[in-house]
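Please find below a short note on the structure under review. It is meant to be read with the sequence and the coordinates at hand.

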Amino acid sequence: MSPEEFREFGRQVVDWIADYYSGVERHPVRSPVRPGEVRAQLPAHPPERGEPFERVLSDLDAVLVPGVTHWQHPNFFAYFPANATGPSILGDLLSSGLGVQGMVWATSPACTELETVVVDWMAELLGLPEHFRTDAVGGGVIQDSASSAALVACLAALQRISDGQVASRGITRRHTLYVSAHTHSSLERAARMVGVGGDNVRIVDVDPDTLGMDPEHLDALIAEDLAAGAVPTLVCATIGTTSTTAIDPVRAVGEVCRARGVWLHVDAAYAGVAAVCPELRWINDGVAEFADSYCTNAHKWLLTNFDCSLLWMADRRPMVDALSILPEYLRNPATASGEVIDYRDWQVPLGRRFRALKLWSVLRWYGAEGLREHIRTSVGLAQEFADRVRDDPRFELLEPHPLGLVCFRPLFPALSTEDANDRVYRLMESLNDSGELYLTHTKVDGRTLLRLAVGSPQTERRHVLAAWKRIQEAMG
């Protein structure tokens, strides 16, 4: 494709995306296709000869779009938001156009140095401690997802607790990790991948009212494991669990970790970006004093398209020592000088994209003021929805709900818990099948609840009110 052909078709693609956003409400939120339906419309074999790009766009409309669940739809209330915005998309396009492979500073200095600036900007915007900055003992890095961040944190924790023995000799003792029943599954996956094993992931009780981790039970489990000869290695405290946005008491959990010499990883994948608003920074109480690592996702609620997960370390040395291997083909004067960051040592893969460009574009387009407005709008809409649920005696509202997620339960008092759960699930599926909105569910104390997450920049008050009306109508 020549530069002129690229220019011609690039304009068509940008126009297509702009038209998609302006008309996204015309689509059903959740794709109605059946398994295998998309594949059946695609050729069984690759083309022998190249095709005009117009045919690619034609098949995009005819075959692929009907099989897309529209995450940018204003009535997408499922999971957590996965924001994609104009400046972020354009920043990602620039990254693709440059085609940078930023594994070490020398392979593209701007790729590394822009990232250090952007993660330091973000630390400032979120009110994170000074030692998280890249010009201090810690530092930040853009990972692909919070799952990768959890894996890196586990490797760093193993490095520190074993004084480097795990990296060189492997795991020779029983190590233990600590989570609650509401901690993201990526922590158990990380335990499997680093060799700790799923059986050594200990489940800490939660407070029945807040669903936050119980620090006393955590301390008791650590004491029990120490007595059994295990090596307590990492605790994950969550700020905004996936299930309900419960917030673990980071300060109290951190005090246990400090006393026991255990690494504290704070997973704030969804909720952490809310701290751009000063009035919401209470969610990070205890992070500055006790967190060894901290993660939040710009690609969920901060107007930046996937993938863009931010990981900070209080002290980067254990992470770098765990991950740094320098083959001859990567040796260069800048690395040898020790004056630069090589982000290959801050992540699992060697190669890395120029992700900082899209976050940089978002920060410059919206500014701190625009980001705060987006978060506050989402929270305000969610709280209005919660008020309406609370006022309807046919529903039960799960408290607290301080951010953009509301969990609630339609009441069927004449039914057993099992039958009521089935009715709630079927009600949700009927709503999702309608194409008018998309919800997900969770379970708390054996009861099925519906989750409605507000966070898309496309979502307005009218969409939230329409969703509530549709839910009420579904109850009959």
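The points that follow treat the sheet, the helices packed on it, and the cysteines.

1. The model is predicted. Its values should be read as computed from that model.

2. Seven strands form an open sheet with mixed pairing, in the order β1-β7-β6-β5-β4-β2-β3. The edges are taken by β1 (139-143) and β3 (201-204); each has a single partner strand, so one side of each lacks a neighbour in the sheet. On average, neighbouring strands of this sheet are turned by 20° against each other, direction ignored.

3. Helix α10 (residues 250-260) lies across β4 and β5 (263-267), and runs at about 160° to β5.

4. How many disulfides does a search of the whole structure find? The search finds zero. A disulfide is a covalent bond between the sulfur atoms of two cysteines. For cysteine 236, the closest cysteine sulfur is that of cysteine 154, at 8.4 Å, and this is too far for a bond. For cysteine 407, the closest cysteine sulfur belongs to cysteine 236, at 19 Å, which is also too far for a bond.

5. Are these two cysteines buried or exposed? Cysteine 236 counts as buried, at 0% relative accessibility. Cysteine 407, at 2% relative accessibility, counts as buried too.

Notes
Residues are numbered from 1 along each chain as its sequence is written. This is a predicted model: local features need pLDDT of at least 70, side-chain atom pairs count only at pLDDT 80 or more; totals for chains, interfaces and linings use all residues. Side-chain values use heavy atoms; hydrogens and water are left out. Two strands pair if DSSP finds at least two bridges between them. Helices (H or I, at least four residues) and strands (E, at least two) are DSSP runs, numbered from the N terminus. Axes are lines fitted to C-alpha atoms, for helices over the stretch in contact, and angles run from 0 to 180 degrees between N-to-C directions. Contact means heavy atoms within 4.5 Å. A disulfide is a pair of cysteine sulfur atoms within 2.5 Å. Buried means under 20% relative accessible area, exposed over 50%, partly exposed in between (1.4 Å probe, protein chains only).
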